[in-house]
Amino acid sequence: NLIELPASLPAELGALSEPLACVYHGHLRCRIAVGTTVLILGGGPIGMLHTMLALRAGATTVIVSEPQPNRAAAIARLGSVTVLDPTACDLVQAVRDLTGGEGVAVAIVCIGHPALAQDAIAATRAGGTVNLFAGFGHAGTGEIDLNAVHYQQLDIIGNVDASIDEFRTASRL
């Protein structure tokens, strides 16, 4: 399962091929494409990779929830992204406002705080997808609104790892 990195790729960027491959795997599972509306909960390194791939895929609305000012500023520089501080607003209401009341098609949880799973569910439109990308620690439990999942016909997925082909794609990206 080794891949050869392009000679032109600096080692510092080559080291990102594994997390980027995992993020890319998640994007394929979420079917992010042109016109998709996306909420990314957490703007750390993984959230930034999710943001970059969503923009590259043509998502029309990309919203990132990030309370740390330095990370929020870095995310804002990535392109057409709305950054929300979840400590300064009602995140779910703000997402609904930004999407005409509908919610996003895809929500990706990049921080292992169980309460964020419920925020993602509440901010996702009917028929949408919630990707629990982050690991949630040793307990890994939380509460979600099962009726929202049922009646809104939400797809709740998780993902870990990536295929060798996804690694190759990530190294080219």
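1. **Strand 2 and strand 3.** In this predicted model, I63 stands opposite T82 in strand 3. Three bridges join strand 2 to strand 3, residues 82–84. The two strands run parallel. To get from strand 2 to strand 3, the chain passes through helix 4, residues 69–76. This β-α-β crossover is right-handed.

2. **Strand 2 and strand 1.** Strand 2 also pairs with strand 1, residues 37–41, through five bridges. Again the strands run parallel. Look for I40: V64 in strand 2 stands opposite I40. Helix 3, residues 45–57, belongs with these two strands in a right-handed β-α-β unit. Strand 2 itself spans residues 61–65 and is mostly covered. Four of its five residues are buried.

3. **Strand 1 and strand 4.** Strand 1 pairs with strand 4, residues 104–109, over four bridges, in the parallel sense. I40 stands opposite I108 in strand 4. Take I40 as a landmark: it faces V64 in strand 2 and I108 in strand 4.

4. **Helix 4.** Which residues of helix 4 are buried? They are A72, A74 and I75. These three cover an arc of only 160° around the axis, which puts them on the same side of helix 4. P69 and N70, on the other side of the helix, are exposed. The buried residues of helix 4 pack against helix 3, strand 2 and strand 3.

5. **The nonpolar cores.** The largest nonpolar core has 23 residues. Those with the most contacts inside it are I32, V38, V62, V106 and I108. Helix 2 (residues 17–30), strand 1, helix 3, strand 2 and strand 4 each give two or more residues to this core. Helix 2 provides the largest share, five residues. As background, nonpolar side chains tend to be buried together in soluble globular proteins.

6. **V106 up close.** What does V106 touch, once its neighbours within four places in sequence are left aside? The contacts are C30, I32, T36, T37, V38, L39 and T129.

7. **Helix 6 and A123.** A123 is found in helix 6. Is A123 buried or exposed? A123 is buried, with a relative accessible area of 0%. Neighbours within four places in sequence aside, A123 is in contact with L39, V92, V95, R96, G103 and V104. V160 is 37 residues from A123 in sequence and 23 Å away in space, C-alpha to C-alpha.

Key
Residues numbered from 1 in each chain as written. Predicted model: local features only at pLDDT ≥ 70, side-chain atom pairs only at ≥ 80, totals over all residues. Heavy atoms only, no water. Buried < 20%, exposed > 50% of the residue type's maximum accessible area, 1.4 Å probe, protein only. Pairing = 2+ DSSP bridges. Right-handed = clockwise from strand over helix to strand, strands pointing away. Core = buried A, V, L, I, M, F, W, Y, C linked by side-chain atoms within 4.5 Å. Contact = heavy atoms within 4.5 Å. Arc of directions from axis to C-beta.
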